[in-house]
Amino acid sequence: MKKEKTGKADTDTEGFVIIEHPADTGISLTAESLEKAFEIAAEGMFSIICSIKKVKPQKQIRMRISSSPEMGVEGLLVAWLEKLIYLHEIKKMLFSKFDVAIKENKSKKIKLSANVYGEKIKPSFHELYLAVKAPTYHKLSLKKDFANKGRWTGMVIFDV
């Protein structure tokens, strides 16, 4: 399988690295903010699905997701990625740009709103890699790493 990386997840940069996992695949990520972590996770997931560089941000779709305090940011991340897979499958689209805003209200409910940008799949043009079925909770992590300048770090394994 051909894979592309758009960034290195380490202590000096933002981005993701595609990681191997027995029978599955995943990403590790580093980001300056929680919102950016969600954007990078989506970019990483679509880089597993296709050559994201070939996907033009022609159509915008607005999304909203809420999570309970029990779900936390990790549960919200899974819900976000699941919704993107749903849109990808139902609308037959690929996405390449993600603008995420996250707010927590007084009852600790986390709300995500996002604009995602992409285009319809064109098999003759788009380079498709793997079909991602779902993000998993196996080894799922997303946390603020105070030892790493307060950056958000995480890992998501995908069922393919």
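# Close-up views of the predicted model

View A. L142 stands opposite G154 in β8. Strands β7 and β8 pair in the antiparallel sense, over five bridges; two strands are taken as paired if DSSP finds at least two bridges between them. Helices (H or I, at least four residues) and strands (E, at least two) are DSSP runs, numbered from the N terminus. The model is predicted, with local features requiring pLDDT of at least 70 and side-chain atom pairs counting only at pLDDT 80 or more, while totals for chains, interfaces and linings use all residues. Residues are numbered from 1 along each chain as its sequence is written, and side-chain values use heavy atoms, with hydrogens and water left out. Five residues separate the strands of this hairpin, and K149 takes a positive phi near 60 degrees. F146 also lies in the loop between β7 (141-145) and β8. With a relative accessibility of 67%, F146 counts as exposed; the classes are buried under 20% relative accessible area, exposed over 50% and partly exposed in between (1.4 Å probe, protein chains only). From F146 to D99 the C-alpha to C-alpha distance is 25 Å, and the two are 47 residues apart in sequence.

View B. Strand β1 (residues 15-21) is mostly covered, six of its seven residues being buried. β1 and β2 run antiparallel and are joined by seven bridges. Within this pairing, I18 stands opposite I27 in β2. Two residues lie between the strands of the hairpin, and A23 in the turn has a positive phi of about 70 degrees.

**View C. The three-stranded sheet.** An open sheet is formed by three strands in the order β3-β5-β4, with antiparallel pairing. Its edge strands, β3 (59-67) and β4 (93-104), each pair on one side only. From one strand to the next, the twist averages 20 degrees. β3 and β5 (residues 110-120) run antiparallel and are joined by nine bridges. I61 is placed opposite V116 in β5. In a regular strand the side chains alternate between the two faces of the sheet.

View D. Nine bridges join β3 to β5. Helix α1 (residues 34-49) packs on the sheet and touches β4 and β5, its direction making about 160 degrees with that of β4. Contact means heavy atoms within 4.5 Å. Helix α2 (residues 72-91) lies across β3, β4 and β5 and runs at about 145 degrees to β3. Axes are lines fitted to C-alpha atoms, for helices over the stretch in contact, and angles run from 0 to 180 degrees between N-to-C directions.

**View E. The α1–α2 crossing.** α1 and α2 pack with their axes 11 Å apart, at an angle of about 40 degrees. The two helices are therefore oblique to each other, given that angles under 35 degrees count as roughly parallel, over 145 as roughly antiparallel, 65 to 115 as roughly perpendicular and the rest as oblique. The crossing of α1 and α2 is right-handed; a crossing has this hand if the near helix is turned clockwise from the far one by less than a right angle, and is left-handed if anticlockwise. On the α1 side the contact is made by L34, F38, A41, A42, M45, F46 and I49. The α2 side contributes V73, L76, L77, W80, L81, L84, I85 and H88.

**View F. Salt bridges.** Six salt bridges are found in a search of the whole structure. A salt bridge is a side-chain nitrogen of Lys or Arg within 4 Å of a carboxyl oxygen of Asp or Glu. Side chains of opposite charge can pair when their charged atoms come close. R151 counts as buried because its relative accessibility is 8%, whereas E32 is partly exposed at 45%. Another salt bridge joins the side chains of E127 and K54 (3.9 Å, N to O). Here too distant parts of the chain are linked: E127 is in the loop between β5 and β6 (134-135) and K54 in the loop between α1 and β3, 73 residues apart. E127 is partly exposed, at 27% relative accessible area, and K54 counts as partly exposed at 32%. The side chains of E104 and K108 also meet in a salt bridge (3.7 Å, N to O). E104 is partly exposed, with 48% relative accessible area.
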